[in-house]
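Here are my notes on this model, point by point. Please read them with the coordinates open.

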Amino acid sequence: MKKLVILGLVAGLLSLFYLFDGGQYIQPSFYRELYQTNPQATIGLYFFIYVFMAALSVPGAALMTLVGGAVFGLWTGLLIVSFASTIGATCAFIIARLILRDWVQNKFGAYLTTINKGIEKEGSFYLFGLRLVPLFPFVAVNLLMGLTTIKTWRYFVVSQLGML
């Protein structure tokens, strides 16, 4: 039941994002205008939207990264994007873990024994490597690592360093 509630919540939030033209929040002009009048509120809104998009794997996170640098400048943008992307990635990781991990482990557990042992032993190294190689999509890393046994706090810290 808990999984259905989470799935319904994710589907509902995604629907609202597209229903209210969430694409407008990926435009630099949207943030530039707001930033001139209220910098703190703009940073908060941008941060929230970035976390939301990363957590729900909404396309456009890479563009949001560029928008952050263009609107807030290098250092402020770097700080905001670094934490927003990591918090969003960790939310996606947790969602995948809550919804899919038990099913995947029950269904394919015998095949995943070696992978699970490797993650327990060298999970931080694997995750850090995946974060550094642009060949592996952000979304895929978040979801696949949620299916493993890596601890959430370790996932957060290693993702923060690797994505930075």
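1. A62 counts as exposed, because its relative accessibility is 60%. The classes are buried (under 20% relative accessible area), exposed (over 50%) and partly exposed in between, with a 1.4 Å probe and protein chains only. A62 sits in helix α4. From A62 to F72 the C-alpha to C-alpha distance is 16 Å, at a sequence separation of 10 residues.

2. A word on the basis. The model is predicted: local features need pLDDT of at least 70, side-chain atom pairs count only at pLDDT 80 or more, and totals for chains, interfaces and linings use all residues. Numbering starts from 1 along each chain as its sequence is written, and side-chain values use heavy atoms, with hydrogens and water left out.

3. The protein has 7 helices and 0 strands. Its elements run α-α-α-α-α-α-α from the N terminus on. Helices (H or I, at least four residues) and strands (E, at least two) are DSSP runs, numbered from the N terminus.

4. How do α2 and α4 pack? Helix α2 covers residues 28–37 and helix α4 residues 61–72; their angle is about 30° and their axes are 10 Å apart. Axes are lines fitted to C-alpha atoms, for helices over the stretch in contact, and angles run from 0 to 180 degrees between N-to-C directions. The two helices α2 and α4 are therefore roughly parallel. The cut-offs are under 35 degrees for roughly parallel, over 145 for roughly antiparallel, 65 to 115 for roughly perpendicular, and oblique for the rest.

5. Which residues make the contact between α2 and α4? From α2 come P28, Y31, R32 and Y35; from α4 come M64, V67, A70, V71 and F72. By class, this contact of α2 with α4 has 8 nonpolar, no polar and 1 charged residues. Contact means heavy atoms within 4.5 Å.

6. Is S82 buried or exposed? S82 is buried, because its relative accessible area is 8%. S82 lies in helix α5, residues 74–132. Leaving aside residues up to four places away in sequence, S82 touches Q160 and L164.

7. Now the overall fold. The C-alpha trace spans about 55 × 35 × 25 Å along its principal axes.

8. Of the 164 residues, 37% are buried. Among contacts with a separation of 6 or more, 75% join residues 24 or more positions apart.

How values were computed:
Ala, Val, Leu, Ile, Met, Phe, Trp, Tyr, Cys and Pro count as nonpolar, Asp, Glu, Lys and Arg as charged, and the others, Gly among them, as polar.
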